[in-house]
Amino acid sequence: MKPFQYLRPKTVQEAVTMATDNPEAQYIAGGTNLVDLMKRGIASPSKLIDINHLPLKKIEHRYDRLRIGALVLNSDLAQHKAVLTRQPLLAQALLAGASGQLRNMATVGGNLLQRTRCSYFYDLALPCNKRKPGAGCGAEEGINRTHAIFFAGNGFGGIEKSSCIAVHPSDMCVALTALETTVVINGPDGERRVMMKDFHRLSTQQPELDTNLGPGELVTAIEVVDNAFAKHSHYLKVRDRASYAFALVSVAAALQMDGGRIWDARMALGGVAHKPWRYWSIDLMLRGQVPSEKLFREVAEHEMEGAKATAQNAFKIKLASNAMVAALKTAAGIS
Ligand SMILES: Cc1cc2nc3c(=O)[nH]c(=O)nc-3n(C[C@H](O)[C@H](O)[C@H](O)COP(=O)(O)OP(=O)(O)OC[C@H]3O[C@@H](n4cnc5c(N)ncnc54)[C@H](O)[C@@H]3O)c2cc1C
């Protein structure tokens, strides 16, 4: 491992200043992802800024929203009363991720910023545009069973124009995308807010960048506005093993229901794209409708129209479609 300077700022401003003056600096929180990357030589920061002493560990309900500090542990968040009562979809997604031990170390900020699990990214002997831009993508013609089926979107490119076909690994971020969460960021120019849909990037350009965070910027909190989805939401994760495995496909489904009809709906998918994949027309397709398997099947098939398989992952298209139907049925409470 390359030698590095280790710093422990006490304020957000101090942390941002330390990071801004050195492009090779990196923040470390729980270290469950970054330390692995450093040991393998994939990340080699010359300055490691330990943010664990910053005052970013609170979960509080203020006015119309839940504000969650970037250093809140995944395990604490999943058990917090306000999350369980107001945003159970988020708790379900957190508990579907990693293992108990990892969740006790992993933070909200680190989960948002965790890197892909594509094996070409982790193997220094193989080409990877994300690790080394311009090197090529080993997965495109290689082992791509777990890779993306959605790319830059209709009219904006596709698998041919994506320089990286890896998927975003987080479960938490799929629920946060469905819940239209805001990410609060502090940087050299002060505070700014970004919607989850705009936080992570697609890979048409600069595949080395997973997010739209600027140099030195620090995630300080996330905010989830109150909603009426608590009674009818479900996170479904399909994976090769029951625990300690990333999603092949996951679905965060949230419905607002009254009088046997759906009045609002949100859905996001994980394991299918370079970022959590939000399905935008679901609200229009479901609003005012009586829930049924037939309706959910139509919605799922509509969603899958834009999917494009690689040589080894055509199964994901059917899997994602079935997972959407199952998650929507559970959320709606129909068998
Ligand atoms: C074996 C294993 C299985 C796993 N399975 C799953 C799974 O099934 N689902 C899932 O979702 N996750 C899974 N994970 C990933 C785990 O959730 C992440 O490793 C964890 O969330 C990262 O959080 P951390 O605080 O440890 O981040 P760190 O490792 O400390 O940091 C990760 C990255 O985030 C940056 N960072 C951290 N905090 C901030 C901040 N506030 N602002 C800006 N940048 C920041 C760091 O610079 C670094 O680049 C798994 C991990 C392992 C090791």
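Guide: Start with a term: buried means under 20% relative accessible area, exposed means over 50%, and partly exposed is in between (1.4 Å probe, protein chains only). This is a predicted model, where local features need pLDDT of at least 70 and side-chain atom pairs count only at pLDDT 80 or more, while totals for chains, interfaces and linings use all residues. Residues are numbered from 1 along each chain as its sequence is written, and side-chain values use heavy atoms, without hydrogens and water.

Visitor: How many residues of helix α5 are buried?

Guide: Helices are DSSP runs (H or I, at least four residues), and strands are runs of E (at least two), numbered from the N terminus. In α5 (residues 88–95), six of the eight residues are buried, so the helix is largely enclosed by the rest of the structure. They are P88, L89, L90, A91, A93 and L94.

Visitor: Which residues come nearest to the ligand?

Guide: A residue is near a molecule if one of its heavy atoms lies within 4 Å of it. Of the 32 residues around the ligand, Y27, G31, T32, T107 and D171 come nearest. Helix α7 (108–113) is one of the elements that supply at least two shell residues. α7 gives the most, with four.

Visitor: Where does the ligand lie relative to the domains?

Guide: Domain bounds come from an automatic or database domain assignment. Domain 1 (1–53) and domain 2 (230–332) both give residues to the shell, so the ligand lies between them. The C-alpha centres of the two domains are 37 Å apart.
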